[in-house]
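Dear colleague,

Please find below the structure that I am handing over to you.

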Amino acid sequence: MKLAIHDSETDIVFTLALRPTLELTDEQFEQICQANRDLKFERTAKGELVIVALTGGETGRRNIKLSARLEVWSDQAGLGVAFDSSTGFRLPNGAIRSPDAAWVRLERWQALTPEQRKKYVPLCPDFVVELRSTSDELMDLQAKMQEYLENGLQLGWLLDPETEVVEIYKPNQPVERLEKPANLSGGSIMPGFVLALAGILTA
């Protein structure tokens, strides 16, 4: 086993390499999450366990605004289902990820069984947002966005409040980089969704 630690003033991130000593099943991973509710967990495609402590106040405020604005549109549009940062998605490559906000088209969500909906959602979202916090390495988040694309993502936004820069990810297209945009559009993937970035990307 190997342990990598990234520390900051507000957050601590651990990456624990379990293989070949231990291979976590989905059920065991879920038990770990249930027993440690003050922490956020992800599992990489390599079987590594990523552990993140609770976020600081600023990140929490930005996250709640992001989730609320996505949910308001999603509820009114009726085109899909929105999820907050506590939701785990089991990607086709075996990783279990929990983006800061996500959205899945209604027909894909309805195709899941009631049992599948109760557990880690067994698909890659159509749309995800990752909001960089003080503990996040930009390169790690960029790699995660590429992983989403490789597993079926249709639209992804990487928001960096420190630089006020947004990176937009779409399949088979170069990453688009925007500096200090006032809002972002969901385009044809999420018709009518416009995310105002005041209080999320900017203070």
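Arg43 has a relative accessible area of 8% in this predicted model, so it counts as buried. Its side chain forms a salt bridge with that of Asp26, at 2.9 Å from N to O. Asp26, by contrast, is partly exposed, with a relative accessible area of 23%. Because Arg43 belongs to strand 3 (residues 39–43) and Asp26 to helix 1 (residues 26–35), the pair ties together parts that lie 17 residues apart in sequence.

A second pair is formed by Arg132 and Asp160, whose side chains meet in a salt bridge of 2.9 Å, N to O. This pair links distant parts of the chain, 28 residues apart: Arg132 sits in the loop between strand 9 (127–131) and helix 5 (138–150), and Asp160 in strand 10 (residues 155–160). Arg132 is buried at 18% relative accessibility, and Asp160 is buried at 5%. Elsewhere, salt bridges with shared partners connect Glu42, Arg97, Glu130, Lys144 and Glu147 in one network.

The side chains of Lys119 and Glu115 also meet in a salt bridge, at 3.8 Å from N to O. Lys119 is partly exposed, at 41% relative accessibility, and Glu115 is likewise partly exposed, with a relative accessible area of 44%. In total, the structure contains 13 salt bridges.

As to confidence, the mean pLDDT of the protein is 88, and 89% of its residues reach 70 or more. Over residues 1–10, however, pLDDT stays under 50. Where pLDDT is low, the predicted coordinates should not be read in detail.

With kind regards

Conventions:
Residues are numbered from 1 along each chain as its sequence is written. This is a predicted model: local features need pLDDT of at least 70, side-chain atom pairs count only at pLDDT 80 or more; totals for chains, interfaces and linings use all residues. Side-chain values use heavy atoms; hydrogens and water are left out. pLDDT is the predictor's confidence in each residue, from 0 to 100. Contact means heavy atoms within 4.5 Å. A salt bridge is a side-chain nitrogen of Lys or Arg within 4 Å of a carboxyl oxygen of Asp or Glu. Helices (H or I, at least four residues) and strands (E, at least two) are DSSP runs, numbered from the N terminus. Buried means under 20% relative accessible area, exposed over 50%, partly exposed in between (1.4 Å probe, protein chains only).
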